[in-house]
Amino acid sequence: MTTDDVLAEVGPRLRRIRKEREVTLAALSEATGISVSTLSRLESGLRKPSLELLLPIAQAHQVPLDELVGAPPVGDPRIRASEPIRRHGRTHWPLTRQPGGLQAYKVLEPKRRLEPEPRTHEGYEWVYVLSGKLRLVLGEHDVVLAAGEAAEFDTRVPHWFGSTGEGPVEFLSLFGPQGERMHVRARPRRA
């Protein structure tokens with residue numbers, strides 16, 4: 001639907017709402033401060049609606065502006081869980097719908113103690129621990145993140161993360177192009 005189509009439907013909608021409420025043009029004019037002739041031209045489509053005209057009309061009728069202009073309903077914002085991806089013994093649930101750009105995953109790492117094998121690649125990563133403990137080896141650092149903690153890093157730095165071996169760990173991972181930074185919070189691993 002084009003903008004012209006949407007605007008063409010506003011006038012008839014204004015008339016219908018006013019008549020449903022059994023309000024005369026004169027009474028609406030008094031309530032809004034808009035002249036009867038302007039209201040009549042709006043309803044007949046001879047005048048283009050503007051915010052200056054629609055806001056007082058919406059207020060007088062006690063309806064949201066969206067109802068006057070016939071705004072489309074907002075789509076369902078929920079992301080439907082897709083099939084999990086199992087890779088390297090981990091389970092990943094994609095949380096983003098569009099390819100490219102920032103990608104979000106919920107990850108479940110089982111209880112296991114692995115020898116870290118740090119790797120590098122282009123990009124930037126952010127992790128947030130939901131439950132359990134996540135071991136992160138980043139360059140010379142070896143840290144453990146507990147539930148509620150987050151870390152961010154440039155993925156060109158050799159890195160590896162996994163379970164501490166004490167139990168499973170569930171975390172969110174956001175991966176994006178170089179330069180998309182988040183907030184860092186990590187505690188050094190105790191010796």
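# Salt bridges and sheet

K106 counts as partly exposed, at 27% relative accessibility (buried is under 20% relative accessible area, exposed over 50%, partly exposed in between; 1.4 Å probe, protein chains only). The model is predicted, so local features need pLDDT of at least 70 and side-chain atom pairs pLDDT 80 or more, while totals for chains, interfaces and linings use all residues. Residues are numbered from 1 along each chain as its sequence is written, and side-chain values use heavy atoms, without hydrogens and water.

## K106 and its strand

K106 meets E170 in a salt bridge, 2.8 Å from N to O (side-chain nitrogen of Lys or Arg within 4 Å of a carboxyl oxygen of Asp or Glu). This pair links distant parts of the chain: K106 sits in strand β3 and E170 in strand β9, 64 residues apart (strands are DSSP E runs of at least two residues, helices H or I runs of at least four, numbered from the N terminus). E170 is partly exposed too, at 22% relative accessible area. Across the strands, K106 stands opposite L172 in β9.

β3 and β9 pair in the antiparallel sense over 7 bridges (pairing takes at least two DSSP bridges). They belong to an open sheet of 6 strands. Its order is β1-β2-β3-β9-β4-β7, with antiparallel pairing. β1 (85-87) and β7 (150-154) are the edge strands, and each pairs on one side only.

## Other salt bridges

The count comes to 11 salt bridges.

| Pair | N to O distance | Relative accessible area |
|---|---|---|
| K106 and E170 | 2.8 Å | K106 27%, E170 22% |
| E9 and R13 | 3.3 Å | E9 34%, R13 15% |
| E166 and K133 | 3.7 Å | E166 57%, K133 38% |

E9 is partly exposed, whereas R13 counts as buried.

The side chains of E166 and K133 also meet in a salt bridge. E166 lies in the loop between β8 and β9 and K133 in strand β5 (residues 133-138), so the pair ties together parts that are 33 residues apart in sequence. E166 is exposed; K133 is partly exposed. Elsewhere, salt bridges that share partners join R15, R18 and E43 into one network.
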